[in-house]
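Look at the sequence and the model first, then go through the points by topic.

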Amino acid sequence: MLSVQQELLRLLARQGRRVPLPVGLSAFVIALAASDALGWAVPLAWLALVLGVLLLRWWMLGRLPAWHRQSMAHRLRWAVALSGLNGLVFAASFAFTPWLIDHARMLQTILLLGLCAGSVATTAGYRPVFLAFLLPITLANSMAWALHAHRSSAAGLEWALAGLILAFAWILAGLARDAYKVFADSVLIRQQQVRSNEHLRQALQRAETANRAKTRFFASASHDLRQPLHALSLLGAALQMRPLEAASQKIVGQMNQALESLGSQMDALLDISKLDAQVLALKETSFGLAPWLARLVQEFGPPAQRKGLSLTLDCPPEAQVLSDPVLLERVVRNLLDNAIKYTATGGVRLHVRAAGLGGEPRWELAVIDSGQGIAPAEQSRVFEEFYQVGNPERDRAQGLGLGLSIVSRLVDLLDAQLRLESEPGCGSVFTLSLAAAPQQAVEAPAPTDAREHRLAGLRVLVLDDEQSVREAMQALLSAHGCEVRLAATTRGAMLDSLAAPPDLLLADLRLRNGDDGIAAVQSLRSALPDLPALLVSGDTAPERLRQAQAAGLTLLHKPVAAEALLEAMERLLVRRYPTLSTLDA
């Protein structure tokens with residue numbers, strides 16, 4: 001309630017500054033009407049008294065809200081006293097009544113009752129302040145009409161007016177009570193809203209803090225997990241190149257297959273980080289859907305056949321779209337993988353049809369399966385991170401539940417539209433709406449086959465703070481004929497490169513003691529300009545991804561498959577030495 005009273009004092013202070021002019025004009029009209037019968041001396045004295053009281057109220061009410069040394073009750077008593085003084089001064093004008101003509105008395109009554117009605121708003125209906133002004137005026141007004149009735153020929157009318165004035169005062173008192181209730185409620189609602197907004201702001205801050213902490217945790221955990229996984233992947237690839245008996249080769253193959261599965265799940269987490277960091281650049285081109293989809297159907301055919309499913313393609317040969325073929329392929333791959341994963345019998349069909357007739361020409365690409373379907377209540381949730389339908393026990397064979405979350409983000413990035421239609425027991429249809437391209441569009445290039453690696457004699461400097469990773473890199477690259485030098489710090493890499501300049505640098509992004517791979521590349525290039533360099537990192541923090549992109553360096557993420565690492569090395573060296581047809585030393 002204290003806050004309501006504080007707001008009341010602020011309202012009285014504001015109104016105390018606004019009312020002197022209209023109230024003073026009303027007092028001037030009353031004095032002017034009385035001057036005809038009494039001359040100017042007495043009315044002017046009364047008018048001066050009214051103006052003095054108005055100025056006193058203006059000065060005092062303006063200071064009451066900030067008068068913190070006094071209690072709230074004491075300040076409110078001052079407001080009541082000032083209102084009562086104002087009412088008494090105006091009530092004194094009824095001393096003019098015996099000398100006024102009927103029209104002047106009627107004008108006086110109307111003006112003063114009007115001021116009483118206006119005070120409902122200017123006092124917010126607060127009863128002590130309002131009644132202190134209302135009662136002196138209405139009682140004096142009613143008595144003036146009643147006392148004049150015995151001298152009037154219309155005594156009955158004047159008695160009626162005296163009664164009506166008291167009735168009007170009673171009505172105004174009721175209105176004031178309701179007005180104050182509305183005022184108090186509005187203040188409390190506003191205060192509650194302020195408190196709610198503050199709670200929401202604090203909750204948002206806590207959520208943002210928790211989200212940043214979650215991002216840092218996942219980035220650190222991802223980095224720490226990727227380091228040994230990367231070493232295992234490289235050692236497995238190096239081991240597979242050695243002459244082993246059939247049983248050992250089978251074990252190595254199974255180990256590498258398990259590492260590849262784990263690596264793909266880590267890459268799904270990386271895709272989320274890249275999308276959140278907004279480091280994926282959109283490269284739109286025009287290409288034909290039919291051959292592009294045929295390649296995907298051929299690739300996904302064997303896993304579909306192993307489950308006894310059919311995989312078919314229905315695409316008009318003239319279907320051409322304008323999109324990023326690499327990012328779009330990731331979307332369709334996720335949709336196909338999801339459809340095959342959740343379909344037990346029947347098949348999966350890719351269907352393309354023209355759409356957007358009468359408007360922008362578009363092609364709709366639908367992935368249709370005969371799987372278990374998705375209940376309406378779950379259809380919006382399947383695009384959430386880590387959510388999986390029918391996998392409460394978190395079977396690793398079904399992945400992490402990130403596929404459709406990545407699809408949703410990529411679809412937004414591609415400025416496409418994705419629609420889901422599904423019914424439990426009747427399968428699902430995921431439909432992509434893509435912008436059509438001119439018919440003369442060229443096909444998107446299919447990924448090229450891995451080139452023969454001719455890295456014999458290549459001097460490679462490996463900079464990584466993890467000994468196991470350095471040794472795994474050395475085992476793999478040495479098996480391909482590379483001359484490998486190892487360093488754990490930028491200083492060590494500088495000393496080694498001065499002794500034996502490398503042809504290529506493989507640097508970890510995040511090193512110990514505040515060191516990092518980007519600074520290491522810049523330091524080595526100060527001595528060896530244009531040194532080809534690759535960053536290899538297990539760090540998936542969005543700010544790290546943006547930092548690597550800004551440096552203009554190729555970034556590979558641990559665990560890096562041996563084939564992917566060797567291909568990246570080849571591509572980098574071909575760009576550095578375009579005249580070389582081989583990579584022999």
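This is a predicted model: local features need pLDDT of at least 70, side-chain atom pairs count only at pLDDT 80 or more; totals for chains, interfaces and linings use all residues.

Ser 422 has Ser 428, a residue of strand 7, as its bridge partner.

**Strand pair**

- Strand 6 covers residues 417-422 and strand 7 covers residues 428-435; the two run antiparallel and are joined by 6 bridges.
- Together, strand 6 and strand 7 make a hairpin, with 5 residues between them.
- Gly 425 lies in the turn of this hairpin and has a positive phi of about 85°.

**Aromatic pairs**

- The structure has 7 aromatic pairs.
- In one of them, the ring centres of Tyr 126 and Tyr 180 are 5.4 Å apart and the ring planes are at 50°, so this pair counts as tilted.
- Tyr 126 belongs to the loop between helix 5 (102-122) and helix 6 (127-149), while Tyr 180 belongs to helix 7 (residues 155-240); the pair therefore ties together parts that are 54 residues apart in sequence.
- Both Tyr 126 and Tyr 180 are buried.
- Phe 287 and Trp 292 also form a tilted aromatic pair, with 5.4 Å from centre to centre and 50° between the planes.
- Phe 287 is buried, as is Trp 292.
- A cluster linked by ring pairs consists of Trp 46, Phe 90, Phe 96 and Phe 133.

**Charges over rings**

- Arg 17 sits over the face of Trp 58, and the distance to the ring centre is 5.6 Å.
- Arg 105 sits over the face of Trp 145, and here the distance to the ring centre is 4.2 Å.

**Nonpolar surface patch**

- Phe 28, Val 29, Leu 32, Trp 40, Leu 44 and Leu 107 make a nonpolar surface patch of about 510 Å².
- The element that gives the most to the nonpolar patch is helix 2 (residues 20-38), with 3 residues.
- Leu 32, one of the residues that make the patch, is found in helix 2.
- What is the relative accessible area of Leu 32? The value is 40%, so Leu 32 is partly exposed.

Key
Residues are numbered from 1 along each chain as its sequence is written. Side-chain values use heavy atoms; hydrogens and water are left out. Rings of Phe, Tyr and Trp (its six-membered ring) pair if their centres lie within 6.5 Å; planes under 30 degrees apart count as stacked, over 60 as edge-to-face and the rest as tilted. Helices (H or I, at least four residues) and strands (E, at least two) are DSSP runs, numbered from the N terminus. Buried means under 20% relative accessible area, exposed over 50%, partly exposed in between (1.4 Å probe, protein chains only). A charge sits over a ring if NZ of Lys or CZ of Arg is within 6 Å of the ring centre and within 35 degrees of the ring normal. Patches are made of residues with over 30% relative accessible area and no salt bridge: like charges are joined within 9 Å, nonpolar side chains (Val, Leu, Ile, Met, Phe, Trp, Tyr) within 5 Å. Accessible areas come from the Shrake-Rupley method with a 1.4 Å probe; for residues, only the protein chains shown count as cover. A salt bridge is a side-chain nitrogen of Lys or Arg within 4 Å of a carboxyl oxygen of Asp or Glu. Two strands pair if DSSP finds at least two bridges between them.
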